[in-house]
Amino acid sequence: MSKKKKEVSDTPEKWNTADAARVFDMLGDPTRLAIVEQLAADPTNVTDLCAALELKQPNLSHHLGLLRNSGLVESTRTDRTVVYAIRPDGFKAATDFLAGL
């Protein structure tokens with residue numbers, strides 16, 4: 001007996017495959033995945049991220065900008081330091097999608 005494929009109409013309304021695909025696209029890059037992994041452990045500033053990941057600042061800033069614009073990372077400014085952290089709700093579409101598989 002063959003498995004029946006799950007039809008789009010069978011998926012919960014909370015699933016938004018376009019949003020889930022956006023998250024997976026952002027995490028598909030090894031550099032961005034390493035940044036997310038580092039930020040999941042502890043919110044960090046650019047200088048410390050550059051040192052921890054052995055990246056040059058322009059390269060790191062590019063990837064942080066993509067992650068921030070996609071809603072996966074947020075930044076907070078204190079004086080002259082910008083600290084980056086994970087936005088847990090930014091991963092909701094992907095976690096909801098995976099939970100429903």
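In what order do the three strands form the open sheet, and is the pairing parallel or antiparallel? The order is S1-S3-S2, and the pairing is antiparallel. Keep in mind that this is a predicted model. Here are my notes, point by point.

1. Overall layout. The protein has five helices and three strands. Reading from the N terminus, you get α-α-β-α-α-β-β-α. Of the 101 residues, 32% are buried. If you take the contacts with a separation of 6 or more, 56% of them come from residues 24 or more positions apart.

2. The three strands make an open sheet, S1-S3-S2. Strand S1 (44-45) and S2 are at the edges with a single partner strand each, so one side of each has no neighbour in the sheet.

3. S1 with S3. These strands run antiparallel and are joined by two bridges.

4. S2 with S3. Here strand S2 (residues 73-78) and strand S3 (residues 81-86) pair over six bridges, in the antiparallel sense. Glu-74 has Ala-85 of S3 as its bridge partner. The two strands form a hairpin with two residues between them. Have a look at Asp-79 in that turn: its phi is positive, about 55°.

5. The helix across the sheet. Helix H2 (residues 30-41) lies across S1, S2 and S3. Relative to S3, H2 runs at about 95°.

6. H3 against H4. Helix H3 (residues 46-53) and helix H4 (residues 57-69) have axes that come within 10 Å of each other and cross at roughly 110°. On the H3 side, the contact is made by Val-46, Leu-49, Cys-50 and Leu-53; H4 brings Gln-57, Leu-60 and Leu-64. By type, the residues of this contact are six nonpolar, one polar and no charged.

7. Ser-70 is in the loop between H4 and S2. Is Ser-70 buried or exposed? Its relative accessibility is 13%, so Ser-70 counts as buried. Leaving aside residues up to four places away in sequence, Ser-70 touches Arg-22 and Met-26.

8. Salt bridges. Side chains of opposite charge can pair when their charged atoms come close. How many salt bridges does the count come to? The answer is two. One of them joins the side chains of Arg-87 and Asp-89, at 2.8 Å from N to O. Arg-87 has a relative accessible area of 27%, so this residue is partly exposed.

9. The pair in H5. Lys-92 and Asp-96 also meet in a salt bridge through their side chains, with an N to O distance of 2.8 Å. Both residues lie in helix H5 (residues 92-99), four residues apart, which is about one turn of the helix. Their accessibility is worth checking on screen. Lys-92 is partly exposed, with 44% relative accessible area, whereas Asp-96 counts as buried because its relative accessibility is 12% and the cut-off for buried is under 20%.

Notes:
Residues are numbered from 1 along each chain as its sequence is written. This is a predicted model: local features need pLDDT of at least 70, side-chain atom pairs count only at pLDDT 80 or more; totals for chains, interfaces and linings use all residues. Side-chain values use heavy atoms; hydrogens and water are left out. Axes are lines fitted to C-alpha atoms, for helices over the stretch in contact, and angles run from 0 to 180 degrees between N-to-C directions. Contact means heavy atoms within 4.5 Å. Ala, Val, Leu, Ile, Met, Phe, Trp, Tyr, Cys and Pro count as nonpolar, Asp, Glu, Lys and Arg as charged, and the others, Gly among them, as polar. A salt bridge is a side-chain nitrogen of Lys or Arg within 4 Å of a carboxyl oxygen of Asp or Glu. Buried means under 20% relative accessible area, exposed over 50%, partly exposed in between (1.4 Å probe, protein chains only). Two strands pair if DSSP finds at least two bridges between them.
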